[in-house]
Amino acid sequence: MPLTPLKLAAGSGETFGVDDIAIAWAHSGKFWEREGLSISWVPVRGGVAAAQQVLDRNVVAGYGTWLPVVKRAEAGDPLRVLVSMALALAQNLVVNSATVRSPADLKGKRWAVDGIGALSHTLGVLIARGLGLAAEDIEWVVAGPPPERKAHLLDGRADCALMRVEEAVALARDCPGRLSKLLGFEEIRELAP
């Protein structure tokens, strides 16, 4: 039986990050084929761009951060969230240890995010607010998904970024004295409930 071709937007761009494990498994585990589908991916950066691809009818669906979809749907755009892993995305705030030693040091610093309006940005704004900072007190640097945010931290284009817990642990371990965890999941949950 021939497979039905389907175009989907990949919010991770050209890469797969740890947030994309379900999508990677669906591909390598032949889920799509078993469902009678032949998937072609349109790489974009983040949920904002994935939602726009759907609205522009370039793809039938996409994956990425859910918050842009919710905001667009509230504004009347014909979008829906089918499934979300948002509750499983425990984050830590990883910082350049030379430029950020305490939460007060975040004012005026460069914070790498997927995109403006993406989960990494929205959560960052909530964290800043919880620390008594305005969104305007931070320089938001659009870097892209986690691999690009990590690169921005490592090469100094950003002073901080939200990373999945396991990535934050690995970065702090692999780059001692250079990168460290400023805020863990429990602290972030208190700041941005």
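An open sheet of five strands runs in the order β6-β5-β7-β4-β8, with mixed pairing. Its edge strands are β6 (139-142) and β8 (179-183), each pairing on one side only. Averaged over the sheet and ignoring direction, neighbouring strands are turned by 40° against each other. Two strands pair if DSSP finds at least two bridges between them. Strands (E, at least two residues) and helices (H or I, at least four) are DSSP runs, numbered from the N terminus. Axes are lines fitted to C-alpha atoms, for helices over the stretch in contact, and angles run from 0 to 180 degrees between N-to-C directions.

The model is predicted: local features need pLDDT of at least 70, side-chain atom pairs count only at pLDDT 80 or more, and totals for chains, interfaces and linings use all residues. Residues are numbered from 1 along each chain as its sequence is written, and side-chain values use heavy atoms, with hydrogens and water left out.

**Strand pairings**

| Strands | Sense | Bridges |
|---|---|---|
| β4 (residues 91-96) and β8 | antiparallel | four bridges |
| β4 and β7 | antiparallel | five bridges |
| β1 (residues 4-10) and β2 (residues 37-43) | parallel | seven bridges |
| β1 and β3 (residues 61-63) | parallel | three bridges |

V95 stands opposite C160 in β7, and its bridge partner in β8 is S180. L93 stands opposite L183 in β8. T4 has L37 as its bridge partner in β2. A9 stands opposite G62 in β3.

**Strand β4 and its cover**

What is the burial of β4? Six of its six residues are buried, where buried means under 20% relative accessible area, exposed over 50% and partly exposed in between (1.4 Å probe, protein chains only). In a regular strand the side chains alternate between the two faces of the sheet. Q91, L93 and V95 point one way from β4, while N92, V94 and N96 point the other way. Helix α6 (residues 146-155) lies across β4, β5 (110-113), β6, β7 (160-164) and β8. The helix runs at about 140° to β7.

**Two cores**

A nonpolar core is a set of buried Ala, Val, Leu, Ile, Met, Phe, Trp, Tyr and Cys residues joined through side-chain atoms within 4.5 Å. The largest has 19 residues. L93, L106, W111, I127, I138, L162 and L182 touch the most other members. β4, β5, α5 (119-130), β7 and β8 each supply at least two residues. The largest share, four residues, comes from α5. A second, separate core of 11 residues includes V94, A112, L153 and C175.

Contact means heavy atoms within 4.5 Å. Neighbours within four places in sequence aside, W111 is in contact with L93, L106, G124, I127, I138, E139, W140, V141, C160, A161 and L162.

**Cysteines**

The whole structure holds zero disulfides, a disulfide being a pair of cysteine sulfur atoms within 2.5 Å. C160 is buried, with a relative accessible area of 1%. C175 is also buried, at 12%.
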